[in-house]
Amino acid sequence: MTFSTYEYKERIRKTKESMTQKGIDVLLITDPANINYLSGYDGWSFYVHQMLVVIIDEEQPMWIGREMDANAAKVTTWLYRDNIIPYSDKYIHSDVNHPMDFVANILKEIGQENRNIGVEMENYYFTAKSYEQLKKGLPNASFRDATLLVNWVRLIKSDDEIEYMKKAAVIAEKAMMAGIHMIQEGVRECDVAAKIFYTQITGTKEFGGDYPAIVPLLPSGEKTSTPHLTWTDNRYKDGDAVILELAGCYRRYHSPLARTVQIGTPKDEMRILAEVAVEGINACIEMIRPGIVCEEIEETWRRTIEKSGFVKESRLGYSMGLNYPPDWGEHTVSIRKGDKTILQPNMTFHLIPGLWLDDYGFEVSESIRITEAGCETFANLPRNLTLKELV
């Protein structure tokens with residue numbers, strides 16, 4: 001298993017504390033990261049319906065999923081075999097049978113049909129059809145929104161989780177340097193992406209990497225004016241800037257990292273933009289410490305960059321760590337104005353002060369851990385605009 005049974009039990013205990021506060025007797029978890037967090041389950045099966053059921057007065061949760069994936073639950077989780085409950089393929093992609101019909105029947109069989117049932121309403125993996133079928137199959141249950149209940153439990157990392165993220169950061173550094181080294185005039189974008197993927201998975205001699213929740217983001221040229229583009233088979237040109245945003249991943253724990261490369265001589269406006277962004281992130285890292293609230297970080301950033309006339313409307317960062325596609329963020333805390341979450345040791349964030357203008361942009365980011373006295377970055381690479389001379 002990825003963690004000790006003791007750690008999984010502690011996570012269950014904290015989850016049940018939150019369930020009690022919200023008046024939830026039965027929690028139906030469909031987010032694969034939350035399933036993993038509480039059970040250890042790790043498989044590429046989240047494209048079909050699967051679930052972890054936490055019952056307030058039962059010691060262990062139950063895993064419910066596709067029959068061919070049940071052995072994966074036996075291999076990767078700390079659950080008793082009797083708590084691994086498979087459904088047959090007649091429920092897969094059927095317009096007659098739905099997996100939530102099976103779930104409803106199981107809950108009725110074990111006497112949970114009249115209880116307060118929490119579901120993750122705002123979740124990529126919990127569909128409107130799922131909700132309707134559960135309500136149809138459990139008409140006497142009282143359904144409650146349990147969105148992010150487990151995500152908030154995940155906010156403060158254990159020491160083992162931090163160690164996994166440190167290993168992910170080593171992989172992120174290697175992948176970033178592999179990409180930067182390969183970027184040059186005439187090189188295809190897709191070949192750089194392939195090199196990054198290779199490095200992310202091979203990792204180091206001591207430990208290999210996992211697949212990250214987000215593919216490498218590699219906008220170049222005028223496409224650097226927006227952050228979430230991937231790659232094409234175009235070749236880089238003299239004068240192109242290239243943004244690289246990627247992550248190392250180890251046992252599903254991420255350490256994202258972003259840097260910007262300039263092929264040839266940068267324009268003056270790009271130099272200025274890079275200097276402003278780097279000054280801003282440096283100022284934030286210097287002031288971050290436990291006890292302050294998230295919006296104070298954003299305020300430091302805003303005051304630093306506005307001296308040069310720049311404004312960033314989007315958030316400055318977010319909590320992150322364990323996750324599956326399509327996102328490595330935890331969807332809880334954001335570093336932005338109005339977020340008054342108090343920083344505590346072993347919270348982890350992706351601090352990403354990107355600046356995207358009309359036809360060019362610059363990104364630099366760090367994955368950080370809040371320490372007892374301040375913060376530390378997981379990676380250790382220069383933050384400045386990387387210049388690539390023409391060959």
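**Aromatic rings and their surroundings**

Reply: Seven residues form one aromatic cluster: Phe3, Tyr8, Trp78, Tyr164, Phe207, Tyr250 and Tyr253. Bear in mind that this is a predicted model, where local features need pLDDT of at least 70, side-chain atom pairs count only at pLDDT 80 or more, and totals for chains, interfaces and linings use all residues. Residues are numbered from 1 along each chain as its sequence is written, and side-chain values use heavy atoms, with hydrogens and water left out.

Searching the whole structure turns up 19 aromatic pairs. One of them joins Tyr8 and Trp78, with ring centres 6.3 Å apart and planes at 5°, so this pair is stacked. (Rings of Phe, Tyr and Trp, the last by its six-membered ring, pair if their centres lie within 6.5 Å; planes under 30 degrees apart are stacked, over 60 edge-to-face, the rest tilted.) Tyr8 belongs to helix H1, while Trp78 is in the loop between helix H3 (70-76) and strand S4 (84-87), so the pair ties together parts 70 residues apart in sequence. Helices (H or I, at least four residues) and strands (E, at least two) are DSSP runs, numbered from the N terminus. Tyr8 and Trp78 are both buried, meaning under 20% relative accessible area, with exposed over 50% and partly exposed in between (1.4 Å probe, protein chains only).

For contrast, take Tyr124 and Tyr125: their ring centres are 6.0 Å apart and the planes sit at 85°, so that pair is edge-to-face. Tyr124 is exposed at 52% relative accessible area, whereas Tyr125 is buried at 15%.

Glu7 counts as buried because its relative accessibility is 12%. Leaving out residues up to four places away in sequence, Glu7 touches Ser158, Asp160 and Glu161, where contact means heavy atoms within 4.5 Å. The side chains of Glu7 and Ser158 make a polar contact at 2.7 Å. That term covers N or O atom pairs within 3.5 Å; within protein, one must be able to donate a hydrogen and the other to accept it, and residues adjacent in sequence count only if both atoms are side-chain atoms.
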